[in-house]
Amino acid sequence: MPAIQIPSSLFMGTHALDQLQTIAQKHASILLFTDRSLEKAGLVKMVLERLCAHGAKVSVICDIQPEPTLEHAWSMIQQGMGTGATLVVGLGGGSVLDVA
């Protein structure tokens, strides 16, 4: 039976942004999935500063709805696939992380 392995890491806590920045510096193109509430709160800007610190191109998709339908999630994924990103970051709660 074929298997799919998806490498993933979950960072949380006091130094989570530092850990993310360490991984991000190995990638030239990054895709950030998040939501509008975190954008309005200024958290997206803070994360973008870390992700861009080493010159990476970062694409942001922040239109993820709470409890997205399969169609909505697939639409967001298709947008992300067009970025050529080699790293996907999910910033937010369950719906954002599900899509990421």
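Where is the place of G55? I found G55 in the loop between α3 (43-51) and β2. Helices (H or I, at least four residues) and strands (E, at least two) are DSSP runs, numbered from the N terminus.

**Entry 1: ground rules.** This is a predicted model, in which local features need pLDDT of at least 70 and side-chain atom pairs count only at pLDDT 80 or more, while totals for chains, interfaces and linings use all residues. Residues are numbered from 1 along each chain as its sequence is written, and side-chain values use heavy atoms, with hydrogens and water left out.

**Entry 2: G55.** I checked how open this glycine is: G55 is exposed, with a relative accessible area of 62%. For the record, exposed means over 50% relative accessible area, buried under 20%, and partly exposed in between (1.4 Å probe, protein chains only). I also looked from G55 to L91: they are 36 residues apart in sequence and 20 Å apart in space, C-alpha to C-alpha.

**Entry 3: the sheet.** Next I traced an open sheet of three strands, which has the order β2-β1-β3 and parallel pairing. Its edge strands are β2 (57-61) and β3, each pairing on one side only. Neighbouring strands here are turned by 20° against each other on average, direction ignored; the axes are lines fitted to C-alpha atoms, and angles run from 0 to 180 degrees between N-to-C directions. Strands count as paired if DSSP finds at least two bridges between them. Strand β1 (residues 29-33) and β3 share four bridges in the parallel sense. Across that pair, I30 stands opposite L87, and L32 stands opposite V89.

**Entry 4: the cores.** A nonpolar core is a set of buried Ala, Val, Leu, Ile, Met, Phe, Trp, Tyr and Cys residues joined through side-chain atoms within 4.5 Å. The largest has 13 residues, of which I30, L32, V47, L51, V89 and L91 touch the most other members. At least two residues each come from α1 (16-24), β1, α3 and β3, and α3 gives the largest share, three residues. Apart from this core lies another, of eight residues, among them F33, I61, A73 and V96.
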